[in-house]
Amino acid sequence: MTFTALDHQHMAHALRLAERGLFTTQPNPRVGCVIAHGAEVVGAGWHQRAGGPHAEVCALRAAGERARGATAYVTLEPCAHHGRTPPCADALAAAGVARVVVAAEDPFPQVDGRGIEKLRAAGIAVETGLLREAARELNVGFFSRHERGRPWVRLKLAMSLDGRTALGNGESKWITGAAARADVQRWRARSSAILTGSGTVLADDPRLTVRLDEDASLPPPGRESVADPARGQGEGTAHATDWTEVPAAAFVPPLRVVLDRRLRTPAGSHVLDGSAPTLVLHGDGAACADDRFARAECRPVAERDGKLALPAVLAHLAARECNEVHVEAGPALCGALLAEGLADELLLYVAPALLGDDARPLLHLPALRSMDERWNLRLLDLRPLGADLRLRLRPEA
């Protein structure tokens, strides 16, 4: 399929619109739509919140009668089913658009090609695959949940230059500076769930909430997913000038998830204070019956080798429509996720400091017999945040 430079420009515009829903659409995907006659944009919109109008409907409303005979650029295949809103494929056909360009096909079982089929059956020319990888990257958790049956798992880690996360006595506040900690809040805000283990709760009593001023805004935690037409046809490049910031009050609060096999979380812990929706996952043999958990939901999951089975944990979260899971936990849980092949991405914040040999390590991982067994990571981006560095990495296949 050959697309023109103008096609790339309009789809990149649609992707930037879609990114405006980065913090607000859970559990739905982030979708943008641009309707154009040649170089002239006659309508544009994005999906803002689950239950609200989809991107295509917003763009069609803006275009009005000028949608007839136009090309619609959509970052995700238009839906073909009646959910909380009517099918967008029907709306595009009724508006008389002549052509629809789709970045990525929708893996949701009730769509999965049916939207494209509906459009073609209505006599509309449909072309797919323009900036597909950028569109998938923007909704990496949505695709993971529907294609792999588990959320996208992102480990947040902070360390000194010598690979340490806390002093030997457990003190860790603060390894990194204010800019890095603010960046973490934005990654939390885009996630469906923030996950930790009971050991971290006992040691640090974390809140695991998104903490921003009410009048603050949420700039993106990185624009690695959006194509920049000014830099040609490349996918995944940055274009920071087109971001429209989202009021902090608009984001959907992530679910707090505590893995607590034996229900050791003590009364008075921040994670049990009711300030955010909270799920405690425990073993089959534990009874979640006392008042400690009055403001939390408790659910058993399968155990394996005396621990909660991590694949079962992720399957449970996928069933709850969690797309991206942000993990802030200790070296044992983070190491287990990586060792079991369940960690999809690492956010590694590195502070220009040394903590010494007695300090605590970044991860607990099995001993290796040879260098061939090492965990190789691919660097996606490296950026300074105040005095610190943030590395975004993914395990190599």
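Trainee: Take rings of Phe, Tyr and Trp (its six-membered ring) as paired if their centres lie within 6.5 Å. By this rule, to how many aromatic pairs does the count come?

Mentor: The count comes to one aromatic pair. Phe142 and Phe143 form it. Their centres are 6.1 Å apart, and the planes make 85°. That is edge-to-face (planes over 60 degrees apart; under 30 is stacked, the rest tilted).

First, the ground rules. This is a predicted model: local features need pLDDT of at least 70, side-chain atom pairs count only at pLDDT 80 or more, and totals for chains, interfaces and linings use all residues. Residues are numbered from 1 along each chain as its sequence is written, and side-chain values use heavy atoms, with hydrogens and water left out.

Back to the pair. Phe142 and Phe143 are both buried (under 20% relative accessible area; exposed is over 50%, partly exposed in between; 1.4 Å probe, protein chains only). Phe143 has a charge over its face as well: Arg136, at 4.3 Å from the ring centre. The rule there is CZ of Arg or NZ of Lys within 6 Å of the ring centre and within 35 degrees of the ring normal. Arg20 also meets it, with its charged end over the ring of Trp46, 4.7 Å from the centre.

Now the sheet. Nine strands form an open, mixed sheet, in the order S13-S12-S11-S8-S16-S6-S17-S20-S19. Strands are DSSP runs of E, at least two residues; helices are runs of H or I, at least four; both are numbered from the N terminus. Two strands pair if DSSP finds at least two bridges between them. S13 (297-300) and S19 (377-385) stand at the edges with a single partner each, so one side of each has no neighbour in the sheet. From one strand to the next, the twist averages 25°.

Look at S6 (residues 152-160) and S16 (residues 324-327). They pair in the parallel sense over four bridges. Leu155 has Val327 in S16 as its bridge partner. Helix H6 (residues 140-148) packs on the sheet and touches both S6 and S16; contact means heavy atoms within 4.5 Å. H6 runs at about 130° to S6. Axes are lines fitted to C-alpha atoms, for helices over the stretch in contact, and angles run from 0 to 180 degrees between N-to-C directions. Helix H9 (residues 310-319) lies across several strands, among them S6 and S16, at about 150° to S12.
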